[in-house]
Amino acid sequence: MSQARQVAIVTGSSRGIGRTIALELARRGMSIVVNYHSSESEAQGVASEVCALGVDALCLQANVADPDQARGLVEQVHAQWGRVDVMVNNAGITRDKTLRKLTDDDWLQVINTNLGSVYYCTTAVMPIMIEQNYGRIINISSYVGQAGNFGQANYGASKGGIIAFTKTAALELARYGITVNAIAPGFTETEMLSKVSAEVQEKIRARIPMGRFGKPQEVAKVVAFIATDADYITGQQINVNGGVYM
Ligand code: NAP
C-alpha cells in the first residue's frame, strides 16, 4: 500500500505528544486528521505545519469522550477521504487527587476521556479497517497504567484499562489485517507534565534511570514505526520511558 495515500487520525493533536505524532506521520507521507477539543487555533497551527510538509490535513473539533462526537469524527473522515489506515488514540487528561479527595466527577471524566475514547474511536474505525483488510490502531497508554502513581488512581486505571483493551482488540482484529498496540510513555515534556510542581518533578526525575524526562519526538518516532514498519507486531505494550519501569 502506498503510504502517500494513507490516512491517519490523531486524537488530541493540538498540542504535546499528539501534535508531534501528527507531524511525524505527515513526514512519512500520510494525510493527517488533526483532532482537538478546545484548542482551535493551536490545532489549526498544527494542520498548517502538516500541509507545509506537503501532505493533506483536516482539522476537526470533536470531544472524543462523547461517543456520538467520537463516532462522528471517524464518519466525517471516512466521508471525506474514503479510508482510515491509522488511528492513534492519544487524547488524554489528568485530574490528580488522592483517593481520599477524588470525586466521582474526577473519576468519570478521566476514565471516559482516556479510556472511553479509545473504545469509541476503535469501534468506529473497525468496520472501515475490516473492509480495507488493513489498519493500525495505536493507543497511548502510560507508565502509570503499569506501575501506578500517587494521586493518579483515575488516570492509572484508565491507562491500565487501555493496555487490557489493546490486547483483546488485537486478538479479535488480527484476522482482518489490523494490528492494535499500546505505547506507554514515561514522564514526557508537555503541558501535562508542566502541571506537576517543580519539587515533584525533581523527585520524579531522580527515579528515572536515564536521568531526564522524555521528549514528545521520542514517543512519536515509536508510533510512526508501529504505523509504518511493524507488520508482525500486535497486542504489545511498548515502553518509551527512559527505564523508569522495566
Ligand atoms: P497535553 O499536552 O495535555 O495534550 C492533550 C491533548 O489531548 C490536547 O491536544 C487536548 O486537546 C486533547 N484532548 C483532551 N481531551 C480531549 C477530548 N475530550 N477530546 C479531544 N481531544 C482532547 O497532553 P500530552 O502530555 O501530550 O499527552 C498526550 C497523551 O499521552 C495522553 O493520553 C497522556 O495521558 C499520554 N501520556 C503523557 C505523558 C506525559 O508525561 N506527558 C506520559 C504518559 C502518557 P485540547 O487542547 O483541544 O483540549
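Modeller: Here is a walk through the salt bridges, pair by pair. Keep in mind that this is a predicted model, where local features need pLDDT of at least 70 and side-chain atom pairs count only at pLDDT 80 or more, while totals for chains, interfaces and linings use all residues. Residues are numbered from 1 along each chain as its sequence is written, and side-chain values use heavy atoms, with hydrogens and water left out.

There are 11 salt bridges in the structure, a salt bridge being a side-chain nitrogen of Lys or Arg within 4 Å of a carboxyl oxygen of Asp or Glu. Take E49 and R19: their closest N and O atoms sit 2.9 Å apart. E49 belongs to helix α2 (residues 40–52) and R19 to helix α1 (residues 16–27), so this pair ties together parts that are 30 residues apart in sequence. Helices here are DSSP runs of H or I with at least four residues, numbered from the N terminus. As for exposure, buried means under 20% relative accessible area, exposed means over 50%, and partly exposed is in between (1.4 Å probe, protein chains only). E49 is partly exposed at 33%, and R19 is partly exposed at 28%.

Now look at R83 and D85, whose closest N and O atoms are 2.8 Å apart. R83 is buried at 18%, and D85 is buried at 0%.

K203 and E199 make another salt bridge, at 3.9 Å. Both lie in helix α8 (residues 198–207), four residues apart, or about one turn of the helix. K203 is exposed at 54%, and E199 is exposed at 57%.

Finally, E24, R27 and R28 join up in a network of salt bridges.

Methods. Helices (H or I, at least four residues) and strands (E, at least two) are DSSP runs, numbered from the N terminus.
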